[in-house]
Amino acid sequence: MTFDWPTLLPLIFAGLMGLAILIYVILDGFDLGIGILFAAAEDAEQDTMIAAIGPFWDANETWLVLAVGLLLVAFPLAHGVILSALYIPVFVLLIGLILRGVAFDFRAKVPSGKKHRWNRIFFLGSVIASLAQGYMLGVYVLGLDVGLGGMAFGVLVAFCLAAAYAAMGAAWVIYKTEGDLQKKAVRWLRTALVVTALGMAAVSLATPFASPRIFDKWFVWPSMLYLSPLPILSALLFLWLWRQTFHLPRPDDRHSLTPFLTLAAIFALGFAGLAWSFYPFVVPDRLTIWQAASAPESLAIILAGTVVVLPVIIFYSFYAYRVFGGKATDLTYD
C-alpha cells in the first residue's frame with residue numbers, strides 16, 4: 001500500500017476516532033462506574049461519590065460526542081450502517097445518559113427525604129448506559145450480527161464492560177476519597193476486578209470462535225507471537241493490581257492513583273487488541289476505512305478544523321483535572 005495523502009487521511013481519522021473512543025471509555029467509564037456502585041453505598045457516601053465526579057463528568061462525555069462526530073463526517077457510509085443496525089441500543093444508551101443527567105441535578109434540588117429516589121435513578125441510568133455500550137460493542141465485534149448468537153455475545157460483553165466500569169469507578173473513589181469510603185472502595189475494586197477478569201477471559205475465548213476473521217487475525221503464525229504481549233501483559237497487570245488491593249490504602253495515601261492508571265493501561269491494551277482485530281475495516285467484514293471515508297478534499301477541510309478543536313479539548317481536560325485535583329469536597333450548587 002502506498003501512503004499518499006488520500007490513503008493517509010482516512011487512516012488519520014480512524015486513529016483520531018479510536019483515540020476519542022479510548023479516552024471516553026477511560027474517563028466516562030469511571031463516572032459510569034461510580035453510578036453503578038451507588039447500589040452498594042450509603043447516602044452520605046453517595047454525596048461524596050457525586051462530588052468526586054461533579055467537576056468532570058460533563059467534560060468526559062465530550063469525547064463521545066467527538067467520536068460520533070468524526071464517524072459522521074469522516075466515515076458517513078459507516079455511520080449509516082452502524083447506527084441503523086444499532087438503532088435500538090443507541091436509543092437505550094441515550095435514555096440512560098438522560099436519566100443520569102437529570103438525576104445528577106435533581107438529587108441536589110429536592111428535599112432530603114426524596115433524594116434517594118434520584119439516587120436510584122442515577123444508578124439505573126448508569127447501569128443502562130453501561131450495558132447498552134457493552135451490548136453495542138459485542139454486536140459490532142461480530143460484524144453487526146443481530147441474530148441470536150450476536151445478541152447473546154452482546155449481552156456477555158455488556159456485563160463484562162459494566163463490571164470494568166465498576167472497577168474504574170472504585171479506583172477513582174480510592175483516589176478521590178479517604179477514610180471508611182476509601183477502604184470500602186478497595187473492597188469494591190477487588191470484587192469488580194475478579195468479575196472483570198473472568199468476563200474478559202470469557203469474551204477473549206468466545207470471540208475467535210464466533211468470528212473467523214478474528215480467529216485468522218490472532219491464531220496464525222507469526223501473528224500469535226507478535227500479539228502475545230497484549231494478553232500476557234493484561235493478565236499480569238490484572239494479577240498485580242488485585243494483589244495491590246490487599247495493601248491499599250497505604251500510609252499517607254501513597255499510590256492512591258495507581259489503581260486507576262493501571263486499569264487505564266489495561267483498557268488501552270484491550271483497545272489495541274480490538275483495533276488490530278478490526279483493521280482495515282471500519283464496519284467489520286463490510287466496509288474498509290477507505291471505502292467508508294469521505295472524499296479526500298472533505299477530509300482535508302475536516303482535519304483543519306480538528307487540528308484546532310482537539311488541542312482545545314485536551315487542554316481543557318488537563319486543566320480541569322488539575323484544578324479539581326485532590327480529595328473530593330462537598331459539592332455545592334447555585
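Helices α1 and α8 sit roughly perpendicular to each other. Their axes cross at roughly 90° and come within 6 Å. Keep in mind that this is a predicted model.

On the α1 side, the contact uses V25, I26, G29, F30, L32, G33, I34, I36 and L37, while α8 brings A162, Y165, A166, M168, G169, A170, W172 and V173. Sorted by class, that contact has 14 nonpolar residues, 3 polar ones and no charged ones.

| Helix | Residues |
|---|---|
| α1 | 5–37 |
| α7 | 115–141 |
| α8 | 148–176 |

Now for the core. The largest nonpolar core counts 99 residues, and F30, M49, F75 and L263 have the most contacts inside it. Helix α8 is the top contributor to this core, giving 16 residues. Take F75: beyond its sequence neighbours up to four places away, F75 touches P10, F13, A14, M17, L70, I289, A292, A293 and S294.

What about α7? This helix has 27 residues and runs 39 Å from first C-alpha to last, close to the 39 Å expected at 1.5 Å a residue. After α7 comes G143, with a positive phi near 75°.

Setting aside neighbours within four places in sequence, S130 is in contact with L32, I36, A158, L161, A162 and Y165. Among these, L32 and I36 also belong to the α1 side of the contact with α8, and A162 and Y165 to the α8 side.

Notes: Residues are numbered from 1 along each chain as its sequence is written. This is a predicted model: local features need pLDDT of at least 70, side-chain atom pairs count only at pLDDT 80 or more; totals for chains, interfaces and linings use all residues. Side-chain values use heavy atoms; hydrogens and water are left out. Helices (H or I, at least four residues) and strands (E, at least two) are DSSP runs, numbered from the N terminus. Contact means heavy atoms within 4.5 Å. A nonpolar core is a set of buried Ala, Val, Leu, Ile, Met, Phe, Trp, Tyr and Cys residues joined through side-chain atoms within 4.5 Å. Buried means under 20% relative accessible area, exposed over 50%, partly exposed in between (1.4 Å probe, protein chains only). The expected span of a helix is 1.5 Å times one less than its number of residues. Axes are lines fitted to C-alpha atoms, for helices over the stretch in contact, and angles run from 0 to 180 degrees between N-to-C directions. Angles under 35 degrees count as roughly parallel, over 145 as roughly antiparallel, 65 to 115 as roughly perpendicular and the rest as oblique. Ala, Val, Leu, Ile, Met, Phe, Trp, Tyr, Cys and Pro count as nonpolar, Asp, Glu, Lys and Arg as charged, and the others, Gly among them, as polar.
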